[in-house]
Amino acid sequence: MEKDHDDAPVLIGQAGPLKGQRWLLTKPILVGREATCEVVIPDRMVSRFHARITPTAGGVVLEDLDSKNGTHCNGLPVSGPVVLQDGDLVSIALAQQFVYLISDATTPLTESAKQTHRLMLDLRSRNVLINNKPIDPPLSALQFKVLHILFEREGQVIDRQKLVVEAWGEEEAVGVSDQALDALLRRLRDRISAIDPSHNYIVTVRGHGVRLDNPSIL
């Protein structure tokens, strides 16, 4: 039985010729240059049958089909089956990028929160709006994931190591340094301040962690 539309995981085209297009992952799909693929990328760098994405009981699995120019997940080459995590960035050769989301649904905000707070997130479109102005170009998958974690616990201080584990995943978190997290937070602050330089949304609480300060619209 197929999942309901809002509960199904989704693949969204990012950089590349398929930017903005989306595919619900309710059944296995082939990605490639061949016209019979469910996701067709019209680029010679892409193999005829390049990659396969399969929903399973254990999660959605990404596989490279011995493509000539490779498949990457979050910048790492895919050499065997990879279980995708929410926000993962999938690259097909150098031709097309996708972001994977575990649910085709918007961030669960109330109407009052949408109307009264400066910063809003929309998981469906993966947009970040500040004072109703979108951050453009969109944040990277990792930047969006970190902001989403902070957003869901607005006002709460999140321990730095806990933030790293939730954003990068337990296995990759081992190799993430304090400097790497600081660099990501700095880039995130820069992107936000380009829209609203009047307020520091991402606050570092020394000795404790990081929190999001998302004020009401005056």
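Residues are numbered from 1 along each chain as its sequence is written, and side-chain values use heavy atoms, with hydrogens and water left out. Because the model is predicted, local features need pLDDT of at least 70 and side-chain atom pairs count only at pLDDT 80 or more, whereas totals for chains, interfaces and linings use all residues.

Helices (H or I, at least four residues) and strands (E, at least two) are DSSP runs, numbered from the N terminus. Six strands form an open sheet in the order 2-1-11-10-7-8, with antiparallel pairing, where two strands pair if DSSP finds at least two bridges between them. Its edge strands, strand 2 and strand 8, each pair on one side only. Strand 1 and strand 2 are joined in the antiparallel sense over three bridges, and V10 stands opposite L24 in strand 2.

T54 lies in strand 5 (residues 51-56) and is buried, with a relative accessible area of 17% (buried means under 20%, exposed over 50%, partly exposed in between, with a 1.4 Å probe and protein chains only). Not counting residues up to four places away in sequence, T54 touches P28, G59, V60, V61 and E63, contact meaning heavy atoms within 4.5 Å.

The axes of helix 3 and helix 5, which are lines fitted to C-alpha atoms over the stretch in contact with angles from 0 to 180 degrees between N-to-C directions, come within 11 Å and cross at roughly 75°. That makes helix 3 roughly perpendicular to helix 5, a term for 65 to 115 degrees.

| Helix | Range | Residues in the contact |
|---|---|---|
| Helix 3 | residues 160-168 | R160, L163, V164 and W168 |
| Helix 5 | residues 178-193 | D178, L181, D182 and L184 |

Definitions and conventions: Angles under 35 degrees count as roughly parallel, over 145 as roughly antiparallel, 65 to 115 as roughly perpendicular and the rest as oblique.
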